[in-house]
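Morning, everyone. I have one structure to walk through today.

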Amino acid sequence: MGLEDLQHNFLTGSLEELVKWGRRNSVWPATFGLACCALEMMATGAAHFDLSRFGMEIFRASPRQADLMIVAGRVSQKMAPVLRQVYDQMVEPKWVISMGVCASSGGMFNNYAIVQGVDQVVPVDVYSPGCPPGPETLMHSILTLHEMIKTGEITRRREETGRGAELHLDHPGPKVAVGTPR
Amino acid sequence: MGFFDGFKVTMSQVFRPRVTVPYPKFKRPKPLRFHGRHVLNRYEDGMEKCIGCELCAGVCPARCIYVRGADNPPDSPVSPGERYGFVYEINYLRCIHCDLCVEACPTEAITESKLFEFSFTDRSDAIYTRDELLVDDQGMPKKQPWEDWRPGDERNTSAWMRATSPNGAAGYEGKVAWSGELGFGVRPPEHGQSTDNPAAAATDPSTIEGHEDEVTHG
């Protein structure tokens, strides 16, 4: 049964909340550490910060079992097709966190080798600033993502035509009002 | 009994205290000179310190700062000098928090706060304008809804946190001359330093809060 055909009523409303709760508490990240940000990502998963508190301690090596891609580090032009392929292999629903300034905008690597913003390759949900972002910053963006899952739709986020997965310049995407999660 | 040796390791760890910092509930204390989100400071009389000289934009290795200066209006000047920062933007999806802008600033206008817990759902949110960076009328940083400020986070934000002297003298270790700042006043000299300013000398340095870098975590 696909969730796409659900009509909203008082029963499925509660079901929707349940599904969102389940998704929120088991966001499994795909391993995509590319540079120094990956070390902070690993530190976030380790004992001092303990990502398993959010149900996401399992960094999947296979994109088929992953829900979230944390792009941690600078994406070179050669890596960009690989990144897109990994993203395409993930099953819906899937989210992307652009961790660090290099992934978000190229950062200080303003040159021909680095993709100037990973949102030119995959649609990014949450941008995490910093060089690198500390574990708290990454956890803040994860909590922001949780808030997005909580307030978003449970059905397909991308349209059939693939719209919504384009350049950020063409398609800003829905504006989500997200406060500081506690 | 090699089989049980592994369990012995596990059991010896069970009764140790937990090292996990449960972040959304608590935040780790930051080092005194931590580099976080910037603020644009003001003098104690409320005048802006920024003079629009664009040195911060020039020194920025990530090219994340955009400044345009303008002449001060004669009837209601914004800064004490001739010019002021008319446009001031920092793109936090480019900023690497290297603090070079803080070191370059001749008037101690830009400093970095200890706030590092923020994230964006939209690229345009990441470009902080002058209105967002400038401190409020109490001299405290303005808190954006996507930032996680906790009580006490605005401490140690001021110009005093620069590593170099405002006049650029190499021998700054002996004497400091920080200008007064809205909300924080004149900071006392650090250990081993002296000052000519009687207001700063009257303050006890031991009242400065924040933990030292050599304190181990957990």
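**Sheets, cores and rings**

Let me start with one residue pair: Ala70(B) has Tyr84(B), in β3(B), as its bridge partner. Before going on, a caution: this is a predicted model.

β2(B) and β3(B) run antiparallel, and 7 bridges hold the pairing. On to β5(B), residues 127-128. This strand is joined to β3(B) by 2 bridges, again antiparallel. Asn91(B) has Ile127(B) as its bridge partner in β5(B). Ile90(B) stands opposite Tyr128(B) in that strand. Put together, we have an open sheet of 3 strands, in the order β2-β3-β5 of chain B, with antiparallel pairing. Its edges are β2(B) and β5(B), and each of them pairs on one side only.

Now step back to the whole of chain B. How many helices and strands are there in chain B? There are 5 helices and 7 strands. Along the sequence, the pattern reads α-β-α-β-β-α-β-β-α-β-β-α. Chain B has 218 residues, and 47% of them count as buried.

The pairing of β1(A) with β2(A), residues 68-72, is parallel and takes 2 bridges. Ala30(A) has Met69(A) as its bridge partner in β2(A).

Keep Met69(A) in mind for the cores. As general background, nonpolar side chains tend to be buried together in soluble globular proteins. Which residues have the most contacts inside the largest nonpolar core? They are Met69(A), Ile65(B), Tyr88(B), Ile90(B) and Phe120(B), in a core of 48 residues. From chain A they are β2, α3 (80-89) and α4 (100-105). From chain B they are α2 (55-59), β2 (65-71), β3 (83-91) and α3 (100-104). The largest share comes from α3(A), with 4 residues. Apart from this core lies another, of 22 residues, including Ile70(A), Ile97(A), Ile142(A) and Ile149(A).

Leaving out residues up to four places away in sequence, Ile65(B) touches Cys56(B), Ala57(B), Cys60(B), Tyr88(B), Glu89(B), Ile90(B) and Cys101(B).

A helix next: α5(A), residues 135-151. Two checks here. For length, 17 residues at 1.5 Å a residue should span 24 Å, and the end C-alpha atoms are 24 Å apart, so the two agree. For burial, is α5(A) largely enclosed or largely open? Largely enclosed by the rest of the structure, because 14 of its 17 residues are buried.

Last topic: rings. Over all chains, the search finds 13 aromatic pairs. One of them is Phe120(B) with Tyr128(B), edge-to-face, at 6.3 Å centre to centre and 75 degrees between the planes. Both of these residues are buried. Phe120(B) also pairs with Trp146(B), edge-to-face, at 6.4 Å and 65 degrees. This second pair links distant parts of the chain, 26 residues apart. Phe120(B) sits in the loop between β4(B) and β5(B), while Trp146(B) sits in the loop between α4(B) and β6(B).

How buried are these two? Phe120(B) has a relative accessible area of 0%. Trp146(B) has 15%, under the 20% cut-off, so Trp146(B) counts as buried too.

These rings belong to one aromatic cluster: Phe34(B), Tyr92(B), Phe116(B), Phe118(B), Phe120(B), Tyr128(B) and Trp146(B). The charged end of Lys30(B) sits over the Phe34(B) ring, 5.1 Å from its centre. Elsewhere, Lys143(B) places its charged end over the ring of Trp149(B), 5.3 Å from the centre.

That's my tour. Questions, please.

Technical notes: Residues numbered from 1 in each chain as written. Chains lettered and ligands numbered in written order. Predicted model: local features only at pLDDT ≥ 70, side-chain atom pairs only at ≥ 80, totals over all residues. Heavy atoms only, no water. Expected span 1.5 Å × (residues − 1). Buried < 20%, exposed > 50% of the residue type's maximum accessible area, 1.4 Å probe, protein only. Pairing = 2+ DSSP bridges. Core = buried A, V, L, I, M, F, W, Y, C linked by side-chain atoms within 4.5 Å. Contact = heavy atoms within 4.5 Å. Phe/Tyr/Trp six-rings, centres within 6.5 Å; stacked < 30°, edge-to-face > 60°. Lys NZ or Arg CZ within 6 Å of the ring centre and 35° of its normal.
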